Amino acid sequence: MKIIDLPEDKKIYLIHLSNKNTYKINGEEKEAILNSETQFLQLQDGSVINKSFIVDITLSRELTQDSYLKLSERV
């Protein structure tokens with residue numbers, strides 16, 4: 001199975017902020033961030049970020065693959 005074929009909730013993304021902080025989120029959180037109308041967002045880990053400081057959001061192939069392998073081992 002290719003990573004692109006996985007559902008969004010199984011994909012792991014990295015958010016890079018202008019202050020060099022990096023946060024790990026899943027695809028559902030990414031969509032919520034992109035669709036949010038507010039500037040301040042609370043992530044599932046409790047962190048609060050200002051949406052205007054996001055430099056980029058990238059798919060982490062390694063983390064997604066590791067997460068998928070761990071999930072498939074449990075099943």
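K30 touches E8, Y13, I25 and I57, not counting residues up to four places away in sequence; here contact means heavy atoms within 4.5 Å. The structure is a predicted model, in which local features need pLDDT of at least 70, side-chain atom pairs count only at pLDDT 80 or more, and totals for chains, interfaces and linings use all residues. Residues are numbered from 1 along each chain as its sequence is written, and side-chain values use heavy atoms, with hydrogens and water left out.

K30 is placed in helix 1. Helices (H or I, at least four residues) and strands (E, at least two) are DSSP runs, numbered from the N terminus. Is K30 buried or exposed? Its relative accessibility is 14%, so K30 counts as buried. Buried means under 20% relative accessible area, exposed means over 50%, and partly exposed lies in between (1.4 Å probe, protein chains only).

The protein has 2 helices and 5 strands. Along the sequence they follow the pattern β-β-α-β-β-β-α. The C-alpha atoms fill a box of roughly 40 × 25 × 20 Å, taken along the principal axes. The protein has 75 residues, and 29% of them count as buried. Among contacts with a separation of 6 or more, 43% join residues 24 or more positions apart. The protein exposes about 5400 Å², and carbon and sulfur atoms supply 50% of that area. Accessible areas come from the Shrake-Rupley method with a 1.4 Å probe; for residues, only the protein chains shown count as cover.

Helix 1 spans residues 27-35, and its buried residues are G27, E29, K30 and I33. Seen down the helix axis, these buried residues fall within an arc of 155 degrees, so they line one face of helix 1. The arc is that of the directions from the helix axis to the C-beta atoms. What do the buried residues of helix 1 pack against? Their partners are strand 1, strand 2, strand 3 (40-42) and strand 5 (54-59). The N-terminal end of helix 1 is capped by N26, with a side-chain oxygen 3.0 Å from the backbone nitrogen of E28.

Strand 1 takes part in two pairings. With strand 2, strand 1 pairs in the antiparallel sense over 5 bridges. Two strands pair if DSSP finds at least two bridges between them. In strand 2, I25 is the bridge partner of Y13. The two strands form a hairpin with 4 residues between them, and K20 in the turn has a positive phi of about 75 degrees. Strand 1 and strand 5 also pair in the antiparallel sense over 5 bridges. Here L17 has I54 of strand 5 as its bridge partner.

The largest nonpolar core has 9 residues in all: Y13, I15, L17, Y23, I25, I33, L41, L43 and I49. Strand 1 (12-17) and strand 2 each supply at least two residues of this core. The largest share, 3 residues, comes from strand 1. A nonpolar core is a set of buried Ala, Val, Leu, Ile, Met, Phe, Trp, Tyr and Cys residues joined through side-chain atoms within 4.5 Å. Leaving aside neighbours within four places in sequence, L43 is in contact with Y23, I25, E29, I33 and I49.

K11 lies in the segment before strand 1. K11 is buried, with a relative accessible area of 8%. Which residues does K11 contact, leaving aside its neighbours within four places in sequence? They are I3, I4, L6, I25, N26, G27, L59 and T64. K24 sits in strand 2 (residues 22-26). K24 is exposed, with a relative accessible area of 56%. Not counting residues up to four places away in sequence, K24 touches I12, Y13, L14, E29 and L63. The C-alpha atoms of K24 and L59 are separated by 9.8 Å, although these residues are 35 residues apart along the chain. In a regular strand the side chains alternate between the two faces of the sheet.

Conventions: A polar contact is a pair of N or O atoms within 3.5 Å; within protein, one must be able to donate a hydrogen and the other to accept it, and residues adjacent in sequence count only if both atoms are side-chain atoms.
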